[in-house]
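I am starting a notebook page on a structure that is new to me. The entries below follow the order in which I looked things up.

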Amino acid sequence: MTATASWRRLERRLPILLLLAFVLIFFAFLLAPIVFVVLVSFGDSEIIAFPVTSYSLRWYHRLLEYRPLLDSLWFSLKLAGASAVLAALFGVPAALALARSRSGLADLVSTVLLAPLSIPMILLGIALLYKLSAIGLGISFTSLLIAHTVVSIPYVVRTVVAVYRGIGRNYEEAAAILGASRRQTFTYVTLPLIGSGIFSGMLFAVLISLDNLSLSLFFGSAQTNTLPVVMLSYLQNQFDPAIAAIGTVQMIIALVALLLIERTVGLKFMSSPS
Amino acid sequence: MTAAAATAIRRSRRALGAGLWPVLPAMIFLLLFFLLPLAENGLQSLYVPDAAGEPVFSLDYYVRLFTDGYYLGVLGRTIWVSLLATIICILIGYPVAFFMVRHAGRWNGLMIFLLVAPLLTSIIMRTFGWNVILARNGVLNSTLMSLGLIERPLRLLQDPSAVIIGLVHVLVPFMVISIAAVLKGIDTRLEEAAELLGASRWRTFREITLPLSLDGIATGAIVVFMLANGSFLTMLLLGGGSVVTLPLLIYQQFLLVQNLGFAAAMGNVLLVLAVISLFLQLRLIRRDGGAS
């Protein structure tokens, strides 16, 4: 091969190589903050400084000593779980009806059901604080549960509608033709088919709830502090690697959930914007 | 009335509601705890306490928001910061989406995972991560100093550029995902045809690929703009008061001043921005539906 020929080949591939370099830099940018937080969480230093010279688990021990962080994580998990269950109870029947409806009303209904996703959370937080205080709920677990359920419903509806539309009518029609009652068809055919959709919709709802600062902010008290609220106030008062440790713990929970979603329905439902 | 007519009526009734009753519990719940609170919040912002502390109807909060130089500045900055973040997300996100769809091959799945994974880590953790990188004795400064490029640490935090970096970092995955979804749908034969007819690769991209992917850019831009408009954590933790936007001001009004009526009014201005974005998004989706 002559030099000019290989030069020409390089010239032809150059744009793609440049693009590849750009993409690699992009992912470095995307992952860098996360990687460094994890590194800091295993550091031994009192202050956050680089490079990390010695590693230890002292900040994870600190989590066990300084209870508010772990307590709020536990509180957040309970809240996220309860709101996901509630969102499924409201959202799944609605999604099943919407997915097969040809009514003109269906458009309007699905716009309303998905709307909480498009409203600035901080506004929803203020509005709900007013409303719930007015009806005597005020700052309580119930208030937080209501607020988080409002935001969780769209995730369940969106995922279940997508999964239910994807499976078509054939299975249910076959069951009906073979003599199954509507109830039997639902229990033995529909539910198993959409189970993965419900599961991943609820998991998304849990993850969103765990990270929802703007909404929980308004309902914070000693008894009702969620993890993001405690993390924020910790960060503003003492800037030490304990915050990195609790962030890492939360990330591991989220990553396990993400892998579960991957295994059940895939990530594509996460990515559709509406 | 004949039996046939009765059946027809029943059928038309069913078509109208078409078995939509299972949506009722969810609709009632959202009516009570979503639509109603937002509407009441709108009313609340129209009542301003008078000298005696009694709420009276007044447009005072809105007049203040739209005439006072400080608040106009905040409003303008909110829109400007979101726009800037959106534009940077497009410029960074497009090449990544293009690579993902056209060249990633079997790495595509890994790329999607890496894009989505940060979205599921706590936003506080990600913002804290930028603190770690940009702080005085952070990663960037210590690297630059050990390389001998700078002599004393640069002041990178508490600066508008830190806010933009943080916003772009949080929001760019949404842009990549939106653009990739549209790029995937483009018939590559159109590009092949253009190249066969003698167009250069750049010209093919400029005249075929880019125009066909504008919908993806638009969808992504609306999502990013809307999310940027509503975020305050990035401004709070990375801006250190150098970038005061509407959501940050709401947060401060609520926590420090406890002026709920004024916070509600600012929230409603934010809502108007969100509704405009939502309206644009719906129109885009409609157009998509009509085209396919």
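Over which residues of chain A does pLDDT stay under 50? I found that this is the case for residues 269-274 of chain A, pLDDT being the predictor's confidence in each residue, from 0 to 100. The model has 13 contacts beyond four places in sequence for these residues, a contact meaning C-beta atoms, placed from the backbone, within 7 Å.

I noted that this is a predicted model, in which local features need pLDDT of at least 70, side-chain atom pairs count only at pLDDT 80 or more, and totals for chains, interfaces and linings use all residues. Residues are numbered from 1 along each chain as its sequence is written, while chains are lettered from A and ligands numbered from 1 in the order in which they are written.

I looked up the confidence of chain A: the mean pLDDT is 85, and 95% of its residues reach 70 or more. Helices here are DSSP runs of H or I with at least four residues, strands runs of E with at least two, numbered from the N terminus.

I checked the unreviewed UniProt entry, which annotates residues 73-261 of chain A as "domain: ABC transmembrane type-1"; such annotations may be inferred rather than shown by experiment. That span is 80% helix and 0% strand, with its end C-alpha atoms 21 Å apart.

I turned to helix α8(B), residues 160-184. A kink of about 45° lies at L171(B), shortly before the proline P173(B); the bend is the angle between axes fitted to the seven residues ending there and the seven starting there.

Technical notes. The expected span of a helix is 1.5 Å times one less than its number of residues. Two residues are in contact if their C-beta atoms, placed from the backbone, lie within 7 Å.
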